[in-house]
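Dear colleague,

My notes on what was found in it follow below.

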Amino acid sequence: MSTKSKSNAIDIIITKALLQLGFSPANNGFYFLRDAVKVAYFDEETLTLVTKLIYAPLAKEYKTSSDNIEKSIRKAAETVWTKNSNQTIAVLNYIYTFSEHRPENKELISLICNIVKQAVNIFDTDIGEGI
């Protein structure tokens, strides 16, 4: 499997995970979060400095500010947590136990990254082995 097709497969898995959690593609935060998870998936060290290593490159790519990236992800997460908290909590239940408060952006990116890693390991060993 080529690197590009692996990357596309990861995009699909991340997108499906976000949709299952209740995120809407109608919100810019959906795309920023998807790309942030992808960055963290390929390099977990980026989670140590989210603003510098994730938000800044995404801001440059989307021609916006790091603050806008952070705020859009936060607002998308707040919307999902408020409107779909039972569905979201059910999906994250085995990982995230503080259901009365939504996870911070860094935690959310990490949680979704873990879901994606599990999906890759379970459903497509070709993707998992190549990454």
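This is a predicted model: local features need pLDDT of at least 70, side-chain atom pairs count only at pLDDT 80 or more; totals for chains, interfaces and linings use all residues.

As for the overall fold, the chain has 7 helices and 0 strands. Of its 131 residues, 41% count as buried, and among contacts between residues at least 6 apart in sequence, 59% join residues at least 24 apart.

At the start of α2, a side-chain oxygen of N27 comes to within 2.7 Å of the backbone nitrogen of G29. Because 11 of the 15 residues of α2 are buried, this helix is largely enclosed by the rest of the structure, and the buried ones include F30, L33, V37 and Y41.

Next comes the nonpolar interior. In soluble globular proteins, nonpolar side chains tend to be buried together. In this model the largest nonpolar core has 31 residues, and F23, L33, V37, I54, I109, I112 and V116 are those with the most contacts inside it. Helices α1, α2, α3, α4 and α6 each supply at least two residues of this core. If neighbours within four places in sequence are left aside, V116 is in contact with I13, I14, V37 and Y41.

Since D11 lies in helix α1 and K38 in helix α2, the pair ties together parts that are 27 residues apart in sequence. K38 has a relative accessible area of 18% and is buried, because buried means under 20%.

Another salt bridge links E44 and K117, whose closest N and O atoms are 1.9 Å apart. E44 is in the loop between α2 and α3 while K117 is in helix α6, so this pair ties together parts that are 73 residues apart in sequence. With a relative accessible area of 48%, E44 is partly exposed.

A further salt bridge, between E78 and K75 (3.8 Å, N to O), stays within helix α4, where the two residues are 3 apart, about one turn of the helix.

With best wishes

Methods
Residues are numbered from 1 along each chain as its sequence is written. Side-chain values use heavy atoms; hydrogens and water are left out. Buried means under 20% relative accessible area, exposed over 50%, partly exposed in between (1.4 Å probe, protein chains only). Helices (H or I, at least four residues) and strands (E, at least two) are DSSP runs, numbered from the N terminus. A polar contact is a pair of N or O atoms within 3.5 Å; within protein, one must be able to donate a hydrogen and the other to accept it, and residues adjacent in sequence count only if both atoms are side-chain atoms. Contact means heavy atoms within 4.5 Å. A nonpolar core is a set of buried Ala, Val, Leu, Ile, Met, Phe, Trp, Tyr and Cys residues joined through side-chain atoms within 4.5 Å. A salt bridge is a side-chain nitrogen of Lys or Arg within 4 Å of a carboxyl oxygen of Asp or Glu.
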